[in-house]
Amino acid sequence: MVNIMANAAPETVHLGSAPGALPAPGAFARTYRRAMDAVDWLARAVLFAVLAGELGLILVEIVQRVFLGHSYLWAEEISRLALLTIAFVGGALAYRSHQHTTVALVTDALSAPMRRMVMAGLDVVVLAVVAVSLLAALDLLEVNAQSIMPMLQWNLGLTVVPFIAGMLLIGLFAVERLLVAHRLVAVAQAALAVGVLGGLVLAMNRMPDLRLDTSAALVGMLLVFFASILLGLPVAFAMLLGSILFLLATDLAPTVAVAQNTIDGSGHFILLTLPFFIWAGMVMEKGGISRRLVGLAMALVGHFRGGLLQVVIMTTYLVSGVSGSKIADVVAVGSVMREELERKGYQPKDGAAVLSASAAMSETIPPSIAMLVLGSVVPVSIGAMFIAGLLPAAVLAVILMALVYVMAVRSPTVRVERASRAALGEAALGAILPLLMPMILVIGIKFGLATPTEVSSVAVLYGILLCVLVYRSIGWRSFVRIVVECAVTSGMVLFIVAAAGSFAWIMAAGNLPQHLASLLHAAGDNRYLFLAGSILILIVVGSLLEGLPALIILGPILYPIATQLGIDGVHYAMVLLLSMGVGIFMPPLGIGFYVACSVMGTSVEETSRAILPYLLALLLGIFAVAAVPFFSLALLHVFGR
């Protein structure tokens, strides 16, 4: 029997504080942890069945449509239930395995006793958020139970069950952390502090005279939201916390709105492409694809000045066409290039800096997860973005490579001999099959041969066949682990997307779009000022919110303003995506930056200084893309928009 309980998460980095030495857990805590291990195993088995079954359903749908001319009308409703299960059950497992990345810069600066209390307080807050969300979900279940699904004729209350299951799991896992990972004194102090603050919020909710107006509540919510992130609360829970506090402080709507909008946030059918693209990327990475792409990049640009740093940039561009996750790209490229960089005498800080900048540059290369998420919240074609994004990323890549060249002139690096024609041909032959995948994606979506969801499922099948039959690099055990790992990783991302859906609804209810529109009018409705402001906002907010929530929250607010100013929608999407990408890798808060430092084995402080020239180059490139729409629209005109 294959063990699917073990944590098969990709290489991760701890960004928060360690609680320090703890006494051995007591008998009750040990028994509870064993029970949670069993629950974890069962949940992973469910996720494996759901994700594998959903892939089979989509592939059967494709065969039915192509060869028999009909499809199952109920398939989309089944897929929505599967997507919700992955989002909330997978998100809960990601919480237990610490895959919800955090940044605890403020917490790290505290004294040891205060740090222990704050860290325990974060898990108490998670428990409180889960309790309120569960109560709201039960109310929603009662409402939805009065209706049925149009095609399946099943009770509509089933759409709430995955959310309830996910909240219950997170609650159980939060209790496990409080029992095992924290001192009793710290837990008691944290529970008292959170209880007092919660009591004040409930008093505001129950006493109309104490309630805040919408604007004051919005400001207060944003302050609590950003403070909780800086203290180390995972961004998804920070968004749920902010949404709950806003509704309790204003009584604008019942808290059931949090459950409803969180479920709606992850229920878009197009988001099913996300776990499939992650799956395809994981299959091909585990199958040794990244090494073949490194070989091609080495043959193409290894002899340039800057040698291996040029290879890092080129490889990241190529690998991004296989994996939609920037963090996965960093791990894939960094783990392959690290040893070679060290052997050739490159400083680890320089490797981490170039790796971070390269991953930020490649955010518009399909199949980018950010593109899929943005396409689900604003009216811009995913197929158009897939085609348009290749050139803006290439512009930034050329700028980065030019910078590496100039810096190598000032500080010479080890030169690499130019690859012979035979070596170049051999490298190209080894990389041609992996590079067919992005071609399949773009052609299939652009020319209407299949929907994005269908194309993503074909990409998974292609990756499996390539690695199992051609490269023979994946066996049954590896396959099962990859599926479970994909489901948990996808659950973490989808859970963030779901929470961002609720948070975005709250921001709209708090009239934030109107406030931004007023600021724009005050600035004279200048499109270039608006583009510059958008770039800066997405970089800053993207660094705080792990990227994707920034798109989900700000995209629907900023996109309509951009189109009103006459900015092409696809062009503006490229600007948003590139800016968000820089935010993810912007020190000192960008999650991707920490991952790059961890993979390359260097300190954050040293790399923060080394990355500054590359950040300036990226900003130059983004402003160039923003000022010259040609870069975003040229390929669309070539292929016919």
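The model is predicted. The chain has 28 helices and zero strands. Two domains make it up: domain 1 (28-267) and domain 2 (271-639). A nonpolar core of 219 residues, the largest in the chain, lies between the two domains, because both give residues to it.

**Overall shape**

- The chain has 641 residues and a radius of gyration of 24 Å. A compact globule of that length would have a value near 26 Å, so the chain agrees with that expectation.
- The C-alpha trace spans about 75 × 60 × 60 Å along its principal axes.
- Of the 641 residues, 56% count as buried.
- The accessible surface is about 25300 Å². Carbon and sulfur atoms account for 68% of that surface.
- Take the contacts between residues at least 6 apart in sequence: 83% of them join residues at least 24 apart.

- The centres of domain 1 and domain 2, taken over C-alpha atoms, are separated by 27 Å.
- Domain 1 puts 55 residues into the contact, and domain 2 puts in 52 residues.
- The size of an interface is often given as the accessible area lost when the parts come together.
- Between domain 1 and domain 2, the buried area is about 4400 Å². Carbon and sulfur atoms give 81% of it.
- On the domain 1 side, Phe48, Leu51 and Met239 lose the most area to domain 2. Together they account for 14% of what that side buries.

**Nonpolar cores**

- Within the largest core, the residues with the most contacts are Ile170, Met239, Trp279, Met385, Tyr572, Tyr614 and Leu618.
- Helix H20 (residues 476-509) supplies the largest share of this core, with 21 residues.
- Leucine 618 touches Ala357, Ala360, Met361, Leu396, Leu400 and Val582, leaving aside residues up to four places away in sequence.
- Another core, of six residues, lies apart from the largest one. Its members include Ala120, Val124, Ala186 and Val187.

**Proline 208**

- Proline 208 sits in the loop between helix H6 (184-206) and helix H7 (214-231).
- Its relative accessibility is 56%, so proline 208 counts as exposed; the cut-off for exposed is over 50%.
- Threonine 250 is 42 residues from proline 208 along the chain, with 8.8 Å between their C-alpha atoms.

How values were computed. Residues are numbered from 1 along each chain as its sequence is written. This is a predicted model: local features need pLDDT of at least 70, side-chain atom pairs count only at pLDDT 80 or more; totals for chains, interfaces and linings use all residues. Side-chain values use heavy atoms; hydrogens and water are left out. A nonpolar core is a set of buried Ala, Val, Leu, Ile, Met, Phe, Trp, Tyr and Cys residues joined through side-chain atoms within 4.5 Å. Buried means under 20% relative accessible area, exposed over 50%, partly exposed in between (1.4 Å probe, protein chains only). Helices (H or I, at least four residues) and strands (E, at least two) are DSSP runs, numbered from the N terminus. Domain bounds come from an automatic or database domain assignment. Contact means heavy atoms within 4.5 Å. The radius of gyration is taken over C-alpha atoms; the globule rule is 2.2 Å times the number of residues to the power 0.38. Accessible areas come from the Shrake-Rupley method with a 1.4 Å probe; for residues, only the protein chains shown count as cover. Buried area is the accessible area (1.4 Å probe) that two parts lose on being put together, summed over both.
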